[in-house]
Every structure is written in C-alpha cells, then in structure tokens.
Amino acid sequence: MADQSNQRHPKKHTLNSTHFQGFWCPSEFVPNIISFQNHFQALDDDIVLASKPKAGTTWLKSLAFTILNRHRFPLSVSPLNTTNPHDLILFFELSHYRNGRLPDFAGISSPRLFSTHLPYHALAESIKQSNARIVYITRNPLDIMVSQWHFVRSMPELADWPLDACLERFCRGEEAFGAFWDHVSGYWKQSMENPRKVLFLKYEEMKENPVGEMKKMAEFMGCPFSVEEEKAEAIEEIAEFCSLSNLKNLKVNKNGAVKNVDLILQTRSFFRKGEAGDYVNFLSPEAAERYSKIVEEKLKGSGLTIKMCC
Ligand SMILES: Nc1ncnc2c1ncn2[C@@H]1O[C@H](COP(=O)(O)OS(=O)(=O)O)[C@@H](OP(=O)(O)O)[C@H]1O
C-alpha cells in the first residue's frame with residue numbers, strides 16, 4: 001500500500017486554485033477528480049467518508065475504521081497504532097487517483113471504506129446511483145477556517161500565510177473543495193431526502209456525545225453495537241482509542257509524512273488542539289461576526305442550523 005513517491009519527487013505546496021465544476025479546488029487535483037469521476041465503480045456496500053478539509057476527517061476515518069473492523073482487530077493490534085488514518089482510508093482525489101493512476105480495488109475486502117473532500121455533486125455517478133452509503137461530517141466553519149490556517153502554515157513554504165488572507169478566501173467561498181455553505185448544503189439536502197444514503201454528523205455533537213454519535217455511525221454502517229458490547233463499554237473504549245490525545249501521541253503521528261499522497265504532508269499536522277470554539281483565540285469578534293453573517297445568509301431556508309459565534 002505504501003509508496004514513497006512523495007519523498008522522491010516532493011511537490012511544492014502552493015495555494016493555486018482552479019474554479020472547476022462550480023467549486024474552487026487545488027489545481028493539482030483536477031485531473032485526479034476527472035479520473036475518479038470517469039472510472040470509479042461503486043459497490044452497494046461501499047462506505048464513503050466525506051468532509052470539508054478540517055471538519056473532522058481524520059477523526060471520522062479513525063472512528064469508522066475502528067467501528068467497522070472491531071471484530072477483526074482488537075484495539076491493541078489495530079493498524080491505527082502504526083498507520084496514519086490517511087494511509088488507512090485513502091482519499092479518491094488525493095490518493096487513489098493521483099498522478100494518472102487507475103487503482104485496482106480487487107484486493108480490498110468489503111465493505112470498502114473510501115474518503116473524499118469533494119462536494120456531493122462532484123462524486124462519481126456510481127456512488128450516487130448505487131446503494132453505497134456516505135458518512136458526512138461538518139464543523140463550525142470558524143473553527144474550520146482557523147484549523148485550515150494552522151495547517152497551511154505548517155508547510156514551510158506557506159508559513160507566513162496571513163490569517164486575514166484566509167478569512168477573505170472563506171468570506172468569498174474560495175476555500176479548497178468549495179464554499180462551506182455549498183459543501184454542507186449538498187450533503188445536508190441528500191441526508192434529508194434519503195437518510196439511508198447520507199448520515200450527517202457534526203464535530204461538536206461528536207465531542208459532546210461520542211457514544212451516542214458512534215452508535216448512530218455503527219447502525220448506519222450496518223454493524224450496530226450489541227447490548228453486550230454496550231454493557232462492556234466497548235464504545236467508550238473505541239472513543240478513547242480514537243481520541244486526539246491517544247492518536248496524536250502515537251509514534252506514527254509524531255514523525256514522518258503521509259505516504260499515499262504526492263505532497264509532503266507531515267502526519268503530525270493533522271492533530272492539533274481538537275477543540276470546539278478555538279477560533280475565539282485567533283479571530284477578532286468583528287471578523288467572526290462578519291463570516292458568521294455571510295454563512296447564515298447563505299444557509300437561510302436550507303433548514304440546516306450551524307452554531308457559530310460562541
Ligand atoms: N481524534 C481526533 N479527535 C478530535 N479532533 C481531531 C482528531 N484528530 C484530528 N482532530 C482535529 O481535526 C482537525 C483536522 O481536521 P481534518 O482531520 O478534517 O483535516 S484534514 O481534512 O484531514 O486535512 C484539527 O483541528 P484543530 O485542532 O482545531 O486544528 C485536529 O486537531
């Protein structure tokens with residue numbers, strides 16, 4: 001699974017974006033997206049984890065993998081102990097279809113787990129037409145913005161990216177993989193129309209009630225927790241195993257880079273604070289209010305409520 005191509009031919013990080021199929025997208029991923037859309041054949045029992053960058057992707061991958069494989073891998077021998085979540089569940093557009101590859105999924109056992117940052121409308125048609133299920137996670141977009149800013153600045157060539165520039169991009173909806181309001185609305189609408197197709201989760205609710213949200217996930221993914229597991233506190237154990245503090249302190253997530261991407265992405269850069277409302281430590285109240293108003297206005301009438309300013 002692991003290849004070292006990113007280390008032999010590292011690509012420089014840039015903020016170059018292309019407006020493509022109705023959303024802004026890092027330019028280097030456009031060919032990968034087209035290839036994914038043209039070639040990916042979904043199976044009815046596939047599970048796709050979808051999110052905007054910084055909405056809780058890494059956490060969702062860890063939870064979904066652990067819940068789904070809990071009878072195969074006791075926590076002590078889980079591959080997550082030695083593998084970064086992004087090398088365990090690969091993104092279509094960053095990993096599987098990178099650099100002209102046409103992946104062979106024959107060896108992957110069912111149900112197959114995939115992930116994507118793409119908006120709903122840009123998914124391969126076979127995902128939409130089949131019974132494949134989608135677990136979507138979103139988060140307070142003010143926290144997404146601040147988390148994204150930290151992530152970008154962790155790349156040496158972009159270390160001086162100003163927070164103001166990041167704010168302006170988000171206010172214009174020019175962030176990677178689409179404006180928050182468009183991304184979230186696409187999956188929200190599908191989850192309302194077909195709750196068996198899309199499970200819509202919120203990072204903050206996952207933090208407040210991990211057990212309840214993980215039970216929802218397990219049921220949706222077709223592997224509900226048994227009464228015995230609940231009594232034995234198996235859900236709490238998985239929550240603890242997938243917690244930021246546990247994953248962040250694993251050797252694999254302290255040093256080294258994600259393997260199955262063409263960019264150099266340090267594994268540690270996916271684990272920072274993991275708090276709800278951390279934006280208050282970085283954005284002025286005026287800046288937060290400005291962006292909140294734009295988001296509220298854009299989501300008006302959608303039926304979706306996103307709690308933003310604390
Ligand atoms: N296990 C776990 N539990 C709770 N929170 C976690 C976890 N793992 C990562 N994080 C926090 O999620 C933020 C990174 O977002 P993503 O994982 O969506 O990033 S990415 O899209 O995969 O690049 C980033 O949030 P911030 O700390 O606010 O920057 C991470 O710290």
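I looked up the lining of the largest cavity and found Lys52, Pro53, Ile144, Gln148, Phe170, Glu175 and Ala176, a cavity being a set of points on a 1 Å grid over the protein atoms alone where a 1.4 Å probe fits but cannot get out, with lining residues having an atom within 4 Å of a point. I note that this is a predicted model, in which local features need pLDDT of at least 70, side-chain atom pairs count only at pLDDT 80 or more, and totals for chains, interfaces and linings use all residues. Residues are numbered from 1 along each chain as its sequence is written, and side-chain values use heavy atoms, with hydrogens and water left out.

I found one cavity of 30 Å³ or more in the structure, and the largest cavity holds about 30 Å³ of space, the volume being the space filled by probe spheres set on the grid points, which are joined across faces, edges and corners.

I then turned to helix H3 (residues 57-68), which has 12 residues and reaches 16 Å from its first C-alpha to its last, close to the 16 Å expected at 1.5 Å a residue, where the expected span is 1.5 Å times one less than the number of residues. Helices here are DSSP runs (H or I, at least four residues), numbered from the N terminus. I recorded 12 of the 12 residues of H3 as buried, that is, under 20% relative accessible area with a 1.4 Å probe and protein chains only; among them are Trp59, Lys61 and Phe65.

Last, I placed Ser226 in the loop between helix H11 (210-220) and helix H12 (227-231). Ser226 counts as partly exposed because its relative accessibility is 27%, in between the buried limit and the exposed one of over 50%. The C-alpha atoms of Ser226 and Ile264 are separated by 41 Å, the two residues being 38 residues apart along the chain.

Notes
1 Å grid on protein atoms, 1.4 Å probe; cavity = no way out; pocket = protein on both sides within 12 Å on 5 of 7 lines; lining within 4 Å. Helix = DSSP H or I, 4+ residues; strand = E, 2+ residues; numbered from the N terminus.
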